[in-house]
Amino acid sequence: MSDFKKKYGSYALITGGTSGIGEEIAKIVASKGLNIVLVARRQNLLDEKSAELIKKYGIEVKTISADLTLKEDLEKVLKETASLEIGLLIPNAAIENHGFMMDISLEKELAAIQMDITSVFVMTHHYGKKMADRGRGGILLVSSMIGHMPNPYFANYAAIKAYIANLGFSLNYELNKKGVDVTVLSPGPTDTPMLQGAGDGMDISKMPMAIQKPDYVAQLAIHGLGKKAHIIPGFKNTMMVKMSKIMPLSKAINSGGQMMDKVMNTGK
Ligand SMILES: NC(=O)c1ccc[n+]([C@@H]2O[C@H](COP(=O)([O-])OP(=O)(O)OC[C@H]3O[C@@H](n4cnc5c(N)ncnc54)[C@H](OP(=O)(O)O)[C@@H]3O)[C@@H](O)[C@H]2O)c1
């Protein structure tokens, strides 16, 4: 049995594992022999992606159709996995809203908080406790570059991703003592349906960051799991995060704002 499977088996639970970064992570984890629980809303995509994984890697896949903006669906995920040994948790699915925050409905922003913070926290607490009791396991939390710098017009999403990163950094230390690896992945713009969807009203070509492929981001993430506390894919994106941390806050806010005014075509 491989070290990866010994440490993180027998099941990896991946939310949003039917598309983009999550789908690529699912393929890599399956290639290492772990069974997988795929969570997303659309059952047809869950069926299609699970059949591909079973055929190619000969593993077991359980699918759970759940809308993680709903508390009852989060409960359903916990219930339906009660008999499985989840050794690797990747609560990757997230929704983002962008634009002038006061134009975004409160309902949409609260749904993002429920899915991107509450569901991630509940799963991390629930499965993380079982991993700590077992003395082994791994958690890969998916933040974003945006979580490490001021990002006007992505205010709630940027704050959500800052929460996820900080949760992961602290747990990296706490859970290390219990044999559980915690790594934070902070991608920059990545060519997935989320980025394509975000194109609405935005000119992505005006972003100074490199746009990356989801398979590259997924490879770095799984390679760094247990070795690094934080992974920012790509040199340019890593430097941008570092720069924003060393410059005075007012300058970081203004340069982030000016960049986003161009990207969002605000005319300012
Ligand atoms: N793409 C980027 O530029 C970028 C940059 C930085 C960080 N990230 C982060 O990377 C992660 C993955 O993003 P991605 O771009 O790879 O996403 P994506 O390709 O758009 O895939 C989203 C996945 O989440 C599922 N999903 C969406 N809404 C859901 C809901 N309400 N309940 C349950 N599942 C839901 C989707 O399936 P269904 O639609 O069937 O539910 C799909 O499997 C996210 O945490 C995102 O914040 C992405």
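Helices α5 and α6 are roughly parallel to each other, a term that applies to angles under 35 degrees, whereas angles over 145 count as roughly antiparallel, 65 to 115 as roughly perpendicular and the rest as oblique. The model is a predicted one, in which local features need pLDDT of at least 70, side-chain atom pairs count only at pLDDT 80 or more, and totals for chains, interfaces and linings use all residues. Residue numbers start from 1 along each chain as its sequence is written. Helices (H or I, at least four residues) and strands (E, at least two) are DSSP runs, numbered from the N terminus.

## The helix pair

Two packed helices are described by the angle between their axes and the distance between the axes. For α5 and α6 (residues 155-176), the angle is about 10 degrees and the axes lie 10 Å apart. Axes are lines fitted to C-alpha atoms, for helices over the stretch in contact, and angles run from 0 to 180 degrees between N-to-C directions.

On the α5 side, the contact includes Glu109, Ala112, Ile113 and Asp116, and on the α6 side it includes Asn156, Tyr157 and Ile160. Residues are in contact if their C-beta atoms, placed from the backbone, lie within 7 Å. By class, the contact of α5 with α6 holds 10 nonpolar, two polar and two charged residues. In this classification Ala, Val, Leu, Ile, Met, Phe, Trp, Tyr, Cys and Pro are nonpolar, Asp, Glu, Lys and Arg are charged, and the others, Gly among them, are polar.

Helix α5 (residues 106-134) also lies across β1 (11-15), β4 (86-91), β5 (137-142) and β6 (180-185), and runs at about 160 degrees to β4.

## The sheet

Seven strands form an open sheet in the order β3-β2-β1-β4-β5-β6-β7, with parallel pairing. The edges are taken by β3 (61-65) and β7 (230-231), each with a single partner strand, so one side of each has no neighbour in the sheet. Strands pair if DSSP finds at least two bridges between them.

| Strands | Sense | Bridges |
|---|---|---|
| β1 and β2 | parallel | five |
| β2 and β3 | parallel | five |
| β5 and β6 | parallel | six |

Individual residues show how these strands face one another. Leu13 has Val37 in β2 as its bridge partner, Leu38 stands opposite Thr63 in β3, and Leu141 has Val184 in β6 as its bridge partner.

How many of the residues of β2 are buried? Six of the six are, so β2 is largely enclosed by the rest of the structure. A residue is buried if 20 or more other C-beta atoms lie within 10 Å of its own, exposed if 12 or fewer, and partly exposed in between, with C-beta atoms placed from the backbone. In a regular strand the side chains alternate between the two faces of the sheet. In β2, Asn35, Val37 and Val39 point one way and Ile36, Leu38 and Ala40 the other way, and all are buried.

Strand β6 is mostly covered, with six of its six residues buried. Val180, Val182 and Val184 lie on one side of β6, and Asp181, Thr183 and Leu185 on the other.

## Around the ligand

The ligand is surrounded by 31 residues, of which Gly16, Gly20, Arg41, Ala94 and Met194 are the closest. A residue is near a molecule or strand if its C-beta atom, placed from the backbone, lies within 6 Å of it. Two or more residues of this shell come from each of α2 (20-31) and α7 (193-198). The shell divides into 16 nonpolar, 11 polar and four charged residues.

## Single residues

The peptide bond from Gly9 to Ser10 is cis, with omega near 5 degrees. Ser10 lies in the loop between α1 and β1.

Tyr153 is not a glycine, yet has a positive phi of about 75 degrees. Tyr153 is placed in the loop between β5 and α6 and is buried, with 21 other C-beta atoms within 10 Å. Asn265 likewise is not a glycine and has a positive phi, of about 50 degrees. Asn265 belongs to the segment after α10 (249-263) and is exposed, with 11 other C-beta atoms within 10 Å.

Phe4, in helix α1 (residues 3-8), is partly exposed, with 19 other C-beta atoms within 10 Å.

Methods. Contact = placed C-beta atoms within 7 Å.
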